[in-house]
Amino acid sequence: MKKMKLPIGIENFEKMRTKGFYYVDKTGMIKELLENWGEVNLFTRPRRFGKSLNMSMLRYFFDIDTDRSLFDGLAISKESKLCEEYMGQYPVISITLKATEAADFQTSRSLIAMEIQDEVQRMEFLAESDRLSATEKESYARLLQRDIDDGTLYRSLKTMSGLLQKHFGKKTIILIDEYDVPLAKANKQGYYREMVLLIRNLFEQALKTNPYLEMAVMTGCLRVSKESIFTGLNNLKIYSLLEAECDEQFGFTDDEVKKILSYYGLFDYYDLTKEWYDGYKIGRTDVYNPWDVINWCNQLLTNPNKIPKSYWTNSSGNEEIQRFIQRMGDGVTQAQVEKLISGETVQKRIEEQLTYDTIYSNTDNLWSLLYATGYLTQSGMPEGNLVRLTIPNTEVRGIFRDAVLRLFEKKVAEDGVALSDFCEALKNGKAEEVEKLFTNYLKQTISIRDTAVKKEFKESFYHGILLGILGYKGDWGIESNRESGEGYFDIAIEIDDASIGIVIEVKYAEGGQLERVCKQALKQIDDNDYTAELRSDDMQTILKYGIACYKRQCMVVMEREIL
């Protein structure tokens, strides 16, 4: 039997249900949304957690022109009373503000206007409606003007909802996906105040003073402060990361991931999937990042020998992490970063109402931002707004590690003398000098604690530090994690003008047993013949280094082989 396709990047509910894509049933959200009724509802979730697909699902459920068969067999279809009362019963205005990034305000404003106008054009039947007056049809036509004025733009959603109510005799449902993206981009590009004015006026007209509104649903990453754009909006119901309501409706639960893996014959990868992509806590529910799970399954179907990698974190620049790591020593302590990367928790006060122009202004806001955007998650139950924060999984921990290493490399590059001394000592086989200089480098960055974090992660961290130092030698041939002999070496170096080959095995010494682990590293080099490639490239002198690290300590042993 042919398997359903994996829905990579599919955010349209109708396409998902009619074109043979695997769909994880989140229609329970509809029931919870209606039973917990709020006139204006805001869901704050990290990016790539299914916000857009859920908004598309809501559109197809409520819209008057919906195909009811799209929901056959799904959880909501069992709620016959709700379906009878709400399914296909409302005109729906649905817009997304995710594609509104621009270098200047006018361009971004135009993108927002065009997004709204695309939705207006979808309602072109209003231009011929015998239920609208000539004046009302003129109002519809003004919404499509190329150079739409501010007043018309501000009132556009409200105007549309009024026209739809007149035509259908029913109030309108308004869906606004990724409502805060224009604000985030505007803050980055320097026109935040202008964008706040636009969004505030647009929302105030559509959501606060709109007699034609039945219900509105918005999604975003942050709950932007009322003082910024939600002034006087007293009908706003918030579904934040701390709320138990709808906590299973964004992201994949453990049972849902097990079903996906089983369906595609990939259940043997369950533990690895959990380690890399699980760990997020929303309300009382632990969830996986759905974007990661789908992409990971797709790669495994192509190549079962694939190793996990970062999908979610590579879909943005990770600016939040960079800013956080750069604050070490300025409100963010080195010990806090060490705890997080080592799998421990840090208790912080979380402020759920922020403004984009102040999120980097102080460290408390930065902690809240990392939580809201999914780089950190809650561990256990919060105590008011005090939340124990932790890194959710191996994928995100790697992003923190890489940010630390980039900052370390920047600092290292500022001291060319020390770099030169280290590389010369390594080249000349001076193990004691290498050990002394490498220990000094370790004191300049964070350490990795003896915690539940896997040994492989700890070793890769110290491996990364060493590569960052060696990157100084642009004329050395440096290879990392390459196959040679019977396995994969950590680092191999060829210094052609001196015919010197170097192979390095870096290990983490659990419990500080540095000497024993150094000997194990050298034995591994010999047992797996990691020097094979160096010999085949005619290196005349081969230096074999075993390096053991523990927190900020290291030991280096060396063996020389003359060919």
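Me: Before we start, what counts as a strand here?
Reply: Strands are DSSP runs of E with at least two residues, and they are numbered from the N terminus. Keep in mind that this is a predicted model.

Me: Okay, so where is Ala216 found?
Reply: Ala216 sits in strand 4, which covers residues 213-220.

Me: Is Ala216 buried or exposed?
Reply: Ala216 is buried, since its relative accessible area is 1% and buried means under 20%.

Me: Which residues is Ala216 in contact with, leaving aside its neighbours within four places in sequence?
Reply: Those contacts are Glu39, Val40, Asn41, Ile174 and Leu207.

Me: And how far are the C-alpha atoms of Ala216 and Asp496 separated?
Reply: By 67 Å, with the two residues 280 apart along the chain.

Me: Switching to charges. How many salt bridges does the structure hold?
Reply: There are 30 salt bridges in the structure. In general, side chains of opposite charge can pair when their charged atoms come close.

Me: Let's pick one. What does Glu136 form a salt bridge with?
Reply: Its partner is Lys166, and the closest N and O atoms of the pair are 3.0 Å apart.

Me: Why does Glu136 count as partly exposed?
Reply: Because its relative accessibility is 22%, and partly exposed runs between the buried limit of 20% and the exposed limit of 50%. Lys166 also counts as partly exposed, at 40%.

Me: What about Lys454, which side chain does it meet in a salt bridge?
Reply: Lys454 meets Glu275, at 3.0 Å from N to O. This pair also links distant parts of the chain, 179 residues apart: Lys454 is in the loop between helix 19 (431-442) and helix 20 (455-470), while Glu275 is in helix 12 (residues 270-277). Lys454 is partly exposed, with a relative accessible area of 47%, and Glu275 is partly exposed at 26%.

Me: Which residues do salt bridges that share partners join into one network?
Reply: Asp254, Lys258, Lys274 and Asp278 are joined that way.

Me: Which residues gather in a patch of negative charge on the surface?
Reply: Glu414, Asp415, Asp421, Glu424 and Glu433 do. One of them, Glu414, is in the loop between helix 17 (394-413) and helix 18 (416-427). Glu414 is exposed, with a relative accessible area of 65%, because exposed means over 50%.

Me: And which residues form a positive surface patch?
Reply: Lys2, Lys5, Lys15 and Lys19 form one. Lys5 is in the segment before helix 1 (13-18), and at 42% relative accessibility Lys5 counts as partly exposed.

Me: Going inward now. How many of the ten residues of helix 16 are buried?
Reply: Nine of them, so helix 16 (residues 363-372) is mostly covered, taking buried as under 20% relative accessible area. The buried ones are Thr363, Asn365, Leu366, Trp367, Ser368, Leu369, Leu370, Tyr371 and Ala372.

Me: What covers the buried residues of helix 16?
Reply: The cover includes helix 14, helix 15 (334-341), strand 9 (346-349), strand 10 (353-354), strand 11 (377-378) and strand 12 (386-390).

Me: Backbone question: what phi does Cys246 have?
Reply: A positive one, about 60°, although Cys246 is not a glycine. Cys246 is in the loop between strand 6 (236-239) and helix 11 (254-263), and it is buried at 0% relative accessibility.

Me: And what's the phi of Ser499?
Reply: Ser499 has a positive phi of about 55°, and it isn't a glycine either. Ser499 lies in the loop between strand 16 (491-495) and strand 17 (500-508).

Me: What is the relative accessible area of Ser499?
Reply: For Ser499 the value is 23%, so this residue is partly exposed.

Technical notes
Residues are numbered from 1 along each chain as its sequence is written. This is a predicted model: local features need pLDDT of at least 70, side-chain atom pairs count only at pLDDT 80 or more; totals for chains, interfaces and linings use all residues. Side-chain values use heavy atoms; hydrogens and water are left out. Helices (H or I, at least four residues) and strands (E, at least two) are DSSP runs, numbered from the N terminus. Buried means under 20% relative accessible area, exposed over 50%, partly exposed in between (1.4 Å probe, protein chains only). Contact means heavy atoms within 4.5 Å. A salt bridge is a side-chain nitrogen of Lys or Arg within 4 Å of a carboxyl oxygen of Asp or Glu. Patches are made of residues with over 30% relative accessible area and no salt bridge: like charges are joined within 9 Å, nonpolar side chains (Val, Leu, Ile, Met, Phe, Trp, Tyr) within 5 Å. Accessible areas come from the Shrake-Rupley method with a 1.4 Å probe; for residues, only the protein chains shown count as cover. Lys and Arg count as positive and Asp and Glu as negative; His and the chain ends are not counted. The place of a charge is taken as NZ of Lys, CZ of Arg, CG of Asp or CD of Glu.
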